[in-house]
Amino acid sequence: AAASLDQLRILTESSKKDNLHSQNTNKAYNRHIKNGKKFLADLVQARKAASQADADCPKDVEESINLDALEVAFEKPPNQYSALGLELYLTEKCIKQNLKEQTAVQIYSAFKRMWQEMDAETYRGDYSYDPKSKVVRGNPALSAGVQDLWHSLRNRSRAAHGTRTHHAEAIGIEDMRAIMAWSEIHFPAHLLSCTITDAGFLFQAIVHFEMRAFLATAFTLWTRNNELCALKGKDFREGCVGPAPYYFPHDKVTLDQRKGWQSRPGSGAHSQGRTYEIHAQPKTPEICMRTHLSRWLRLREKVLGRRMTEEEYVFPHISPNGLIHTSQALNHDVVQKTLDDFAKQAGLDKNFSTHSFRRGGAQYRFIWAPIGQRWSLARVRWWGGWSEGERTDTLIRYLLDEITALENEHGDALAPVQTRRDLTFNGEDSLAAPVTVAEHREHADSLDRKLDSFITFFVAYLHGNGPSPPMTAPTMAASSSHSSVSPSVLPVPPIIMSPTHTLGSAGSQSLQEHIAVPLTTVSNQTQSERPPRRVRSKRSVPSVPQASIPDLPRGAAGWKVAVRQWEEVDPLTGYALKDWPKSWYTGGMRLVNQQKRFTRRIITEAFVR
C-alpha cells in the first residue's frame, strides 16, 4: 500500500535530520543552542533579581525590553528579541570571555541553521520584523545588528592574530626531507642496536623516533591529527605479503573514524573503514612510512620488552622520564609543539599545523610527484577519505590553491633558465622539451661551481684550516648486513658518524657518551684501541619500564579514575596499584612512581571513609 502523506513527511524530515549534516556537527551545534538558551535564562533571571533589589539600572532600558519575550527568544517561533539574543550571546562568549574566532563561527552557524530549518522555509532569507503584527520574517541571524557584530568579531580576530587562510600551509617533500635529515643526524636509526644508559637521552630518542614515524604516517595517509592519534594496535598489521607473482611485502592500516564518515550500521563502505597497503618507498626515504613506523615500533618494543597489543595506541604519550604510556594517546598540543620545534631546528621558517600533512601529502601525489607517478582525482578522493558526496570543486580548490599561486608568480623572471608554469600544468612541457644550448651551458657552469667549492674545502682541510669532514648522511635504504629486526620489516642500516659530532639537545656531550655500545666511527684506530666510554648519568633509565601509572583526567571524574587504578587490575601490568611489587615504586623507580601511587592511595582511603 502507498504511504500516507503524513508518513512521507515524517520520512522526509527524518532523512534530513540524519543525513543532511554529520553527527559531530549536529552535536556541536546542539550544544551551542542549549548553552545559548541557558545564557538567556540566566541573564533574564539576573535582570529580574536586580530590578527587585532596586539595583542601579536605567528604567528606560529596562522598560523597553520585555524580559519574558527575551527569555524565549531562542525558542520556536522567533520573536523580536531573537536577533538581539544572538548578539548578546556572541558578545558574552567572544568579547567578554575572549574566546577564539572558531567559537564565534560555530555559534553563528548553529543559530543560523536552527532558524533556517525551522518550519520548513518560513525563516529563510533576509530578516525583517513588523512591529505592528509582531511577526518575524526571514532569518534573525541575517539581521543588520548580528551581521555588523559578526563582521566586527572577524575583523577583531584578524587584527589580533593576522590574516589567516582557511587552510593550513601545505608541507612539501623538501620540508619533510629537511626535518627528517635534522632528526636523523642527532638521533640516527643505528641507536636501535645500542644500549642507552641516560634517561634524558632516552626520552629525546623516543620522541624523535615516534615523531618521525608520526610525520611520515601523516604525510602518507593524509590523516587529521585526531584520526592518527587514535590509531591502535588492532588497526595496524605488519609483515603482509602481496599476491603472486611479485609477493610484495607491505604493512596494512585500517582507518574507520575519518571526518565525515557515517559510522552507523548500513552506511556502506565506510562502516568497516578502509584498509591501506603501506609499501616501502626507497626513492623517497624521508616520507617512507613503512621504514619510520617500523623503527619506532622496534624501539618501543626494546624499551617495553614486549610487542604492542591490540588496544594500545600506536603513538602513545611519552612522559619526561621516558616512560611510554601505551593506554594514553598523544594529544594535539604535544604534536603541534613538537612539530614547531622540529621545523625551527631544521631551519624552516614556516608555520605548519597538524593539517599541513593532509594538504601536503595530497598535493604531492596529485601535483609534485614525478611524472608517471601522480594520482588521478578519483584515487586522491579515495585515499584521502573524502566522501562520494564531496563537491568536486571544493576538492580541486583544496589541491590546487598552491599551484594556482605559483602560476601567477613571476619571481624567477631573472633566472637564466625559467619554467613557464603559466603555459602548461606545473610547467610539465619544460620537462619533456629537448635540452637547449643555454640550458646545457648553465648546467656545465653549475657543475664547475660545485667542483670549485669542493676543491676549496678539501685544500683548506688538508692544510688544517677547514672544518672536519662531514659525516655520512643518514640513509634509510634497506641493508642486507643488518638483521636486528624481524624479516617482515625493513632492516635498520648502519650509520657512520664522526666521533666529535655533538647533539644539539645535549650540549657538548657526544652521542657516544649516552650509549653503552659504540657507533662505527671514521678513525684509523680499531675499536679495540678505542674502548667505549661509559658516562653514568644522575638520572638512569627506569628499571621497570612497564610499570607506568596513567595520568588522571581533569575535572570531577578524576577521583573515580584514581580509585579504579588503586582497586582494579590493569591488564597491561597484571596488578592493581595496591598490589604492585615493592620494587616498582621504590629504589630506582621511586622518583618515577612513588608519588603518583601515594596520591591514588590517599584518594582511595578518603573515598572509603
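Which residues gather in a patch of negative charge on the surface? Glu442, Asp445, Asp448 and Asp452 form this patch. Patches consist of residues with over 30% relative accessible area and no salt bridge, like charges being joined within 9 Å. Asp and Glu count as negative, and the place of a charge is taken as CG of Asp or CD of Glu. Asp448 is partly exposed, at a relative accessible area of 44%.

The model is predicted: local features need pLDDT of at least 70, side-chain atom pairs count only at pLDDT 80 or more, and totals for chains, interfaces and linings use all residues. Residues are numbered from 1 along each chain as its sequence is written, and side-chain values use heavy atoms, with hydrogens and water left out. Helices (H or I, at least four residues) and strands (E, at least two) are DSSP runs, numbered from the N terminus. Buried denotes under 20% relative accessible area, exposed over 50%, and partly exposed the range in between (1.4 Å probe, protein chains only).

Helix H6 comprises 16 residues, 101-116. From first C-alpha to last, H6 reaches 22 Å, close to the 22 Å expected at 1.5 Å a residue; the expected span is 1.5 Å times one less than the number of residues. The buried residues of H6 include Thr103, Ile107, Tyr108, Phe111, Arg113, Met114 and Trp115.

The structure holds 23 salt bridges, a salt bridge being a side-chain nitrogen of Lys or Arg within 4 Å of a carboxyl oxygen of Asp or Glu. One of them joins Lys38 to Asp42, with the closest N and O atoms 2.9 Å apart. Both residues lie in helix H2 (residues 23-52), 4 residues apart, or about one turn of the helix. An α-helix has 3.6 residues a turn, so residues three or four places apart point the same way. Lys38 is exposed, at 52% relative accessibility, while Asp42 is partly exposed, at 42%.

Glu605 and Arg601 are likewise joined by a salt bridge, at 3.5 Å from N to O. This pair is separated by about one helical turn because the two residues are 4 apart in helix H19 (residues 590-608). Glu605 is partly exposed at 35% relative accessibility, and Arg601 is partly exposed at 32%. Elsewhere, salt bridges that share partners join Glu238, Arg298, Glu301 and Arg307 into one network.

A further salt bridge, between Asp119 and Lys76, has its closest N and O atoms 2.8 Å apart. This pair links distant parts of the chain, 43 residues apart: Asp119 is in the loop between H6 and strand E1 (128-130), and Lys76 is in the loop between helix H4 (67-71) and helix H5 (82-96). Asp119 is partly exposed at 33% relative accessibility, whereas Lys76 is exposed at 55%.

Lys76 also takes part in a cis peptide bond to Pro77, with omega near 0°. Pro77 lies in the loop between H4 and H5. A cis peptide bond is also found between Ala244 and Pro245, where omega is about 5°. The loop between strand E3 (236-241) and strand E4 (249-255) contains Pro245.

Tyr247 is placed in the loop between E3 and E4. Although not a glycine, Tyr247 has a positive phi of about 55°. Trp222, in the loop between helix H9 (199-221) and helix H10 (225-229), has a positive phi near 60°. Trp222 is buried, at 0% relative accessibility.

Note on methods: Patch = residues over 30% accessible without salt bridge, like charges linked within 9 Å, V, L, I, M, F, W, Y side chains within 5 Å. Areas by Shrake-Rupley, 256 points an atom, 1.4 Å probe, with all protein chains shown as cover.
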